[in-house]
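Hello,

I am handing over a structure that you have not worked with before. Please look it over, then read the notes below.

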Amino acid sequence: MRKAQGSWEKRILKSLNSMCTELSIPLARKRPVGEQKELLSKWNEMGTDEPDLSLFRPVYAPKDFLEVLINLRNPNYENGDSLSFRTHLGLIQVPLKVKDIPELKEFFVELGLTTGQLGIDDSTQVPPELFENEHVRIGQKVLAEQDGAAAQQYIRQGSPTALRADLWALILNISSQPEDILYYEQLKTNVIQHDLLVDSLIYKDVKLTASNDDYYFVFEDYLYQVLLCFSRDTSVLGHFAYNSASPPKSYIRGKLGLEEYAVFYPPNGVIPFHGFSMYVAPLCFLYHEPSKLYQIFREMYVRFFFRLHSISSHPSGIVSLCLLFETLLQTYLPQLFYHLREIGAQPLRISFKWMVRAFSGYLATDQLLLLWDRILGYNSLEILAVLAAAVFAFRAVNLMEVTSLAAAEAVLADLSTLKVMPLLQIFLFATVT
Amino acid sequence: MSRPKNQNYKGHGLSKGKEREQRASIRFKTTLINTLMDVLRHRPGWVEVKDEGEWDFYWCDVSWLRENFDHTYMDEHVRISHFRNHYELTRKNYMVKNLKRFRKQLEREAGKLEAAKCDFFPKTFEMPCEYHLFVEEFRKNPGITWIMKPVARSQGKGIFLFRRLKDIMDWRKGTAGKKLTSLEAPPARSAVNPSGSHDARSSDDQKDEIPVENYVAQRYIENPYLIGGRKFDLRVYVLVMSYLPLRAWLYRDGFARFSNTRFTLSSIDDQYVHLTNVAVQKTSPDYHAKKGCKWMLQRFRQYLASKHGPEAVETLFSDMDNIFVRSLQSVQKVIISDKHCFELYGYDILIDENLKPWLLEVNASPSLTASSQEDYELKICLLEDTLHVVDMEARLTGREKRVGGFDLMWNDGPVSREEGAPDLSGMGNFVTNTHLGCINDRNNQLRQLFRSLQSQKKASS
């Protein structure tokens, strides 16, 4: 796994470097004073800037990453040439251990049919006295006690809208201390003083994705403020201790190969890819204070999101998620899986982008937030794979009738009307297996 | 134009609940070619008539109404989509006059506190007749911004902001052309009178006259609520089936329209910042057609709830209910309440940073053109439900409190959410039957509604 991650990183870095030489833009440079002043005055409305980004391309897109994952092979594992009913027909050919539905039922026990959920039991037909009022009351109590562990348990049933911002902050252990605000201001100063090549990549990504989204375009300015600071935050390097990835290095001009002159580039070690800004966008709904928004995002990234674009064997890593998704589909919806495979529409090709982005930009915001509640509550991303499988199960009838990858994509193009919790419940607890 | 009477038909008002004859087909007419046409054409049993054919239902435009309403005979069952003198509500100068009068009346009858509930429109003065009153108010509040709006135009045309009296003195002298942007249509060659009829003018008159068109000067709301640094206003749909008695329905869906650029008071001349009409935004250099500057009201309501908590949101929305009801009450006695008429209004509401809603204006012909897929679906559903409430097919009993996405907001008195609860009289507190920005599960509701209506019919026949 590490080898694969290493070679993937080399590829990304190569791509970044070649873009750099092609466009003759330095990876980093100090801004002239005039430019610094200008940026400072425009800090709150960077979205109005329209720099020429046409020559920049995103370093990579999720589908490039998927190709890499598909080609992963364990050299120690002998698959055997004969096909049997055990053969995995999906794209991922790495034999990692993933949970099956009985194990998932146990893991996600609070999502069961007999437990109240926000996203289901707060609908208009259900009188609030049955579940919602009590649940809100408990939430307020948890917040009053500032009990992080209780909050994590509580949020498995969903968070009331009014309490969500505080609950997430409690679970992620974010409290806005003066040091934190100071740290953020320092990062902001770094942004003003130095210009990085990745800044342009960030600009381009925001313009391409969040700005074009009907619901997130409003938060464009916040996205720049968060992501530009993020790329200069060296404290993020700390997460590489438990990440199979390593941060890319760059060398001061003329000193190639000399370790004393190596720096991490970008300073936080994370090269943004196409769609990266969508990790931040939903958070803008909850947090309006830039330094708090920043902290929440950073914590979400180093706890969860980094696993979605690095190759590892962790159960919440993207490889495991893909395998979990494919296994669920192959085991519990074999007819659908086989049909899609036959017409050249491997399900993972469609669901990969959902999972890499943690469904951001695909689901309606309120549904997305309910989903991310559960990610925090269970401290695991496996729910993304389960939801992806549940979506396929939900649209199975239509999918059985399609005859091409394009048609399958069309059936699954619009997820904005889906209600996440009922789908998950039906798939895990109400389907006859 | 006369029409032959239909002998089989028995007319009645919807609220009486008497039996009505079903018509074999309903002939409709309209000049609009957007979502409305789609809805009308797809409605079962509805047939389009063109040109001079007889019709049972006409979704007309206001100019036709002005010219033809007074000499058109309509059978009892016939419906038309405007009230004869809707401009009492929709023209800014008339609305202001009616509201001011209503407020005074309230103060006389129920005291200052009650009258204060009508303080939802920014201080407005009609020009040029109230110019001196305006100057007095202007002098009392130096440094604030004012907005000048033409009385009868739409889509943001002709609007400008000012802070100095000098700016409008120029305008009064007829040099206003410099202030107005390129969006402005050239000054009308013929004078447009408040009644709407056009007068021809000889070419001699034109060079000396200032535009006779009426304007209103209104206090500009300098502290609008901003989301992402941007200003927005809300578009809400209210369906009025009659004024005497007052019967009004509120649609659950609507949208917030965002300005494309960040809000700042320093750029008064930047029309794009301050005006949130989509028509104006479409010409802004920042505008990307794909972006869609609209948020559905559900999204807006959720955003506010997560930021301010549910109670604050409840208060805001019930303040908005107050705006709708009182604005309609203020013109109740003035509008000719012809039983053939109904009207779908588009209310424009601005929220300030203290979460107080302000009424900007009421539109008698809200845009029915869709700017995006989501917008299209909203308008289709809105129009379908409007036709359900108008009920040409005579299916409703008249006792319904909800039809699809419409909630009955006012039925000659407040309508309570609870079943069987006493309706409180007068204009006191009421827990209205409104669900603006709430979930609109109209398909389910309509299915249940029509199913039960059908079984009721079977039972009684």
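In what order do the 4 strands of the open sheet in chain B lie? The order is β5-β10-β6-β7, with antiparallel pairing. Two strands pair if DSSP finds at least two bridges between them; helices (H or I, at least four residues) and strands (E, at least two) are DSSP runs, numbered from the N terminus. β5 (124-127) and β7 (160-162) of chain B are the edge strands, each with a single partner, so one side of each has no neighbour in the sheet. From one strand to the next the twist averages 25°.

This is a predicted model, in which local features need pLDDT of at least 70, side-chain atom pairs count only at pLDDT 80 or more, and totals for chains, interfaces and linings use all residues. Residues are numbered from 1 along each chain as its sequence is written, chains are lettered from A and ligands numbered from 1 in the order in which they are written, and side-chain values use heavy atoms, with hydrogens and water left out.

Within the sheet, β6 (residues 146-150) and β10 (residues 215-219) of chain B are joined by 5 bridges. M148(B) has A217(B) as its bridge partner in β10(B).

Helix α6 (residues 131-140) of chain B lies across β5, β6, β7 and β10 of that chain, at about 145° to β5(B). Angles run from 0 to 180 degrees between N-to-C directions, with axes fitted to C-alpha atoms, for helices over the stretch in contact (heavy atoms within 4.5 Å).

The whole structure has 0 disulfides (pairs of cysteine sulfur atoms within 2.5 Å).

Regards
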